[in-house]
Each structure stands twice: as structure tokens, then as C-alpha cells.
Amino acid sequence: MEHPPERGRAPVLRSLRALCSVTATYDILLGVALVFFLKQIGVVLQIAPPTYPDNAQLNGVFLLSVGIGYLVVLRRLEETLWYLWVMGVFLHLVGAVILFYNIFWPPHSPWQFAFFGVVDGVLGALFFINLRRLRKQGM
């Protein structure tokens, strides 16, 4: 018995909604931390403060913007899948590659940043897997 397409993609859409919720929370919390608690992040991660704190704070604003974008996607998921390809897949996977490259070749980023590379890599891969599943279902 064949299921209607709506029913087959419902689990994937639920997975994407969960990923958007987790990623929005992660990006917003990290963004707030970079904007308002930059010195405390350095203490917790045992790293030197950034040479240019305004650059780190601007990265925080960027993360806040991306996180808010995920909240918009949650309201209109099927209409905004393009956002997930750009921010969910591209940004997270390229970000993970850049983080690990900068840690290991040449080593000039602190090893503590590897945590963020792993999180970004996992999120990017999960977005990619789920978006490919939707695409195979004709969405």
C-alpha cells in the first residue's frame, strides 16, 4: 500500500524542525556569549582574548542573525528550505572545514575550537542528510 507523499515526508520535516530548534538555540546562545561575555569565554576556554574583540563581537551578531533566521524557518519550513541549504549545510560544513584547517594547518587557532568544528560538522551533515531525503521524495 502506497502512502501519500505528505505522510512520507512528515518524519523528515519533524527532524528538520528539531534541527532548526537546536541550531537556533546554539547560534543564539553562542552569539549572545560572543557579544556580551567575550572575556568570560576566554577564561572558560583558557584562551587569550582576541586581538580584535570587535571582530569577535561582529561574529556574535552574525550568529544571532543566523539563529533568528532559523526561528523564521520554523514558522515556514517548506517555503524556506533554501535557507537550510545555505545556512544549515553550506555554512556549517564549510565552517567546520575552516575551523579544523586553522587548528591543524598551520596551527594558529586554539585546539579548544575543535568542539565548535565538531558541532558544526555534525549539524551540517544532519541538515544535508535530511534535505537529501526530502529531495528524493520530490520536495
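**How H4 and H5 pack**

H4 makes a left-handed crossing with H5, meaning that the near helix is turned anticlockwise from the far one by less than a right angle (clockwise would be right-handed). At this contact you'll find 18 nonpolar residues, five polar and three charged; Ala, Val, Leu, Ile, Met, Phe, Trp, Tyr, Cys and Pro count as nonpolar, Asp, Glu, Lys and Arg as charged, and the others, Gly among them, as polar. The axes of H4 (residues 81–104) and H5 (residues 114–136) come within 8 Å, crossing at roughly 150°. Those axes are lines fitted to C-alpha atoms, for helices over the stretch in contact, with angles from 0 to 180 degrees between N-to-C directions.

A word on the ground rules: this is a predicted model, with local features needing pLDDT of at least 70 and side-chain atom pairs pLDDT 80 or more, while totals for chains, interfaces and linings use all residues. Residues are numbered from 1 along each chain as its sequence is written, and side-chain values use heavy atoms, leaving out hydrogens and water.

Now step back to the protein chain: it has five helices and zero strands, where helices are DSSP runs of H or I with at least four residues and strands are E runs of at least two, numbered from the N terminus. Its C-alpha trace spans about 60 × 30 × 20 Å along the principal axes. Leu-93, in helix H4, counts as partly exposed because its relative accessibility is 31%.

Key: Buried < 20%, exposed > 50% of the residue type's maximum accessible area, 1.4 Å probe, protein only.
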